[in-house]
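I opened the notebook to look up a few points in this structure. My entries follow in the order I made them.

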Amino acid sequence: MTTPASVRWASFALLCACGSGCSRAIEPAARRVVLVTCDTLRADHLGCYGYARPTSPRLDELARESVLFENQWSAAPLTVPSLSSLLTGRRPDEIGAASRTNMQRMPAQVRTLAEVVHDAGIDTAAFVSSSVLTRPPAKQGDIGVAQGFAHYDDTLSSYESNRPVRERRAEACTDAVLGWLGARKPSEDRFFLWVHYQDPHGPYTPPTAERALFERPHESEVELPQGSDASGYGQIPDYQIQPGERRPGEYVDRYDAEIHSFDAQFGRLVDGLRARGWLDDTLLVFTADHGESLGEGDWWFCHGETLQPELLHVPLVVRPPRVLRERMLGTSASRREPRLTSYLDVWPSVLEALGLPAHDNRGCSLLGATLPEGRIAEQWLGAASRGRQWSAVTDGRWQLRLCAGEPAQLFDLARPSEPDLAQSEPGRVRELLERHQLGLARPDAKNLPGVPRALDDETRRDLRGFGYTEGAPAGH
Ligand SMILES: [Zn+2]
């Protein structure tokens with residue numbers, strides 16, 4: 001007998017639902033929430049995620065008094081789709097943000113975390129460092145990731161050293177945040193703050209002192225061709241090229257040095273909160289928008305072209321406010337959580353910490369002692385309306401990649417060198433496909449159109465400089 005779709009969906013929803021308490025209003029556990037995101041930061045290049053090089057001493061220090069989520073998945077391998085999802089608790093394809101080019105903003109009718117918090121009378125502020133996150137022109141209205149932030153600082157104070165692209169280095173970003181914090185009266189201590197750092201995004205141009213920390217010999221390396229376009233397949237993308245440099249290890253060293261440079265400034269931000277007496281009643285959430293390919297599958301120093309796991313497995317470290325420490329950490333100083341988490345989980349966590357009901361919640365609060373087993377995370381690359389759209393679904397061990405007109409691809413995340421296993425594992429393909437399709441069919445799913453970015457010449461040049469080109473071929 002065939003199970004009706006409504007019953008199957010209800011079962012699926014129950015399977016995915018978190019334990020009690022994730023969507024009901026509670027007493028505020030935190031006076032404020034600070035969400036810090038870092039661009040292009042893969043989890044496995046951080047010390048607290050097992051990397052052997054000392055890239056992240058300050059984040060490692062924070063992790064020693066936090067919950068570190070080992071199996072966190074972002075929404076997309078690209079800045080705008082990923083952060084749009086993170087800040088709305090929705091899939092990129094639902095909010096008009098599944099573009100491959102960072103060229104679509106989510107429309108005004110999308111409800112953002114900042115809007116919910118601001119409407120509850122809590123102040124909101126954001127500091128971003130990437131040109132793809134700048135505010136839209138006033139004529140476009142309140143759209144995109146800036147929606148709901150009463151203060152949105154997108155001052156891009158510098159240009160990258162090897163191309164005319166605006167950005168804000170981590171030190172300048174932290175300076176701006178500390179200035180904002182320092183100007184607040186003691187009574188203005190309740191807020192939701194989002195800070196986005198940019199430094200590990202290519203081109204990798206760390207400060208000289210940081211670069212020296214991570215230099216090592218690379219005499220015997222096979223050199224890579226230098227590309228004439230933004231693709232990273234089998235070549236160094238043109239926007240990443242360092243003059244005369246073709247050795248991959250040299251690029252990895254620079255990437256690591258960029259992480260270290262960010263990390264020091266992240267630490268300064270945490271110090272600033274602590275010095276103000278505002279750390280211990282803060283929920284501090286740290287994650288990344290996506291990772292970076294460093295040679296996996298012959299993709300080099302790039303993201304946004306595939307749904308490979310190194311682009312989607314990102315760090316997630318959550319430092320609880322004092323009143324939640326026992327609940328989240330038990331009697332230990334820190335905890336490592338191996339169960340799967342995703343971008344959807346930030347929405348209920350932030351709202352619960354602030355004592356607000358998490359209406360329209362799709363995820364699970366991270367503020368409990370445990371997470372349910374058997375969850376999935378989904379990712380998106382490209383929009384169906386703009387050519388081919390790829391999606392992926394993972395249970396943390398297996399990843400299924402799908403695109404209309406293409407055979408499904410199945411990868412074993414525990415054996416990354418194995419090729420596509422879809423033919424030899426048809427049962428796993430069926431199971432993940434069904435769970436993905438049930439998610440797509442959920443009754444509250446939407447498919448809103450994105451709003452094209454209105455580009456001035458400078459923004460257009462910035463985007464080209466980043467390697468984001470209009471009409472780029474579909475990825476896989
Ligand atoms: Zn990004």
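How many disulfides does a search of the whole structure find? I found zero. My cut-off for a disulfide was a pair of cysteine sulfur atoms within 2.5 Å. A disulfide is a covalent bond between the sulfur atoms of two cysteines.

**Ground rules.** I am working on a predicted model, where local features need pLDDT of at least 70, side-chain atom pairs count only at pLDDT 80 or more, and totals for chains, interfaces and linings use all residues. Residues are numbered from 1 along each chain as its sequence is written, and side-chain values use heavy atoms, with hydrogens and water left out.

I checked Cys-38 and Cys-173 for burial. Cys-38 counts as buried because its relative accessibility is 0%. Cys-173 also has 0% relative accessibility, so Cys-173 counts as buried. Buried means under 20% relative accessible area, exposed over 50%, and partly exposed in between (1.4 Å probe, protein chains only).

**The four-strand sheet.** Next I traced an open sheet with the order β15-β16-β17-β18 and antiparallel pairing. Strands (E, at least two residues) and helices (H or I, at least four) are DSSP runs, numbered from the N terminus. Two strands pair if DSSP finds at least two bridges between them. β15 and β18 (409-412) are the edge strands, each pairing on one side only. From one strand to the next, the twist averages 20°. Helix α10 (residues 426-440) packs on the sheet and touches β15, β16, β17 and β18. The direction of α10 makes about 65° with that of β17. Axes are lines fitted to C-alpha atoms, for helices over the stretch in contact, and angles run from 0 to 180 degrees between N-to-C directions.

**Strand β16.** Is β16 mostly covered or mostly open? It is mostly covered: five of the five residues in β16 (390-394) are buried. In a regular strand the side chains alternate between the two faces of the sheet. Here Trp-390, Ala-392 and Thr-394 point one way, while Ser-391 and Val-393 point the other.

I then read off the partners. Five bridges join β15 (residues 377-381) to β16. Across that pairing, Leu-381 stands opposite Trp-390, and Ala-377 has Thr-394 as its bridge partner. β16 also pairs with β17 (residues 398-403) over five bridges, in the antiparallel sense. There, Val-393 stands opposite Leu-400. The hairpin of β16 and β17 has three residues between the strands, and Gly-396 takes a positive phi near 95°.

**Leu-316.** I found Leu-316 in strand β13 (residues 316-319). Leu-316 counts as buried because its relative accessibility is 1%. Leaving aside neighbours within four places in sequence, its contacts (heavy atoms within 4.5 Å) include Tyr-49, Phe-69, Val-285, Thr-341 and Leu-366.

**Helix α3.** All eight of the eight residues of α3 (79-86) are buried, so the helix is largely enclosed by the rest of the structure. What covers them includes β1 (32-38), β8 (191-197) and α9 (346-353).

**Helices α5 and α7.** How do these two pack? α5 (residues 170-182) and α7 (residues 248-275) meet at an angle of about 10°, with their axes 9 Å apart. That makes α5 roughly parallel to α7. Angles under 35 degrees count as roughly parallel, over 145 as roughly antiparallel, 65 to 115 as roughly perpendicular and the rest as oblique. Among the contact residues are Val-177 and Leu-181 of α5, and Phe-262 and Leu-269 of α7.
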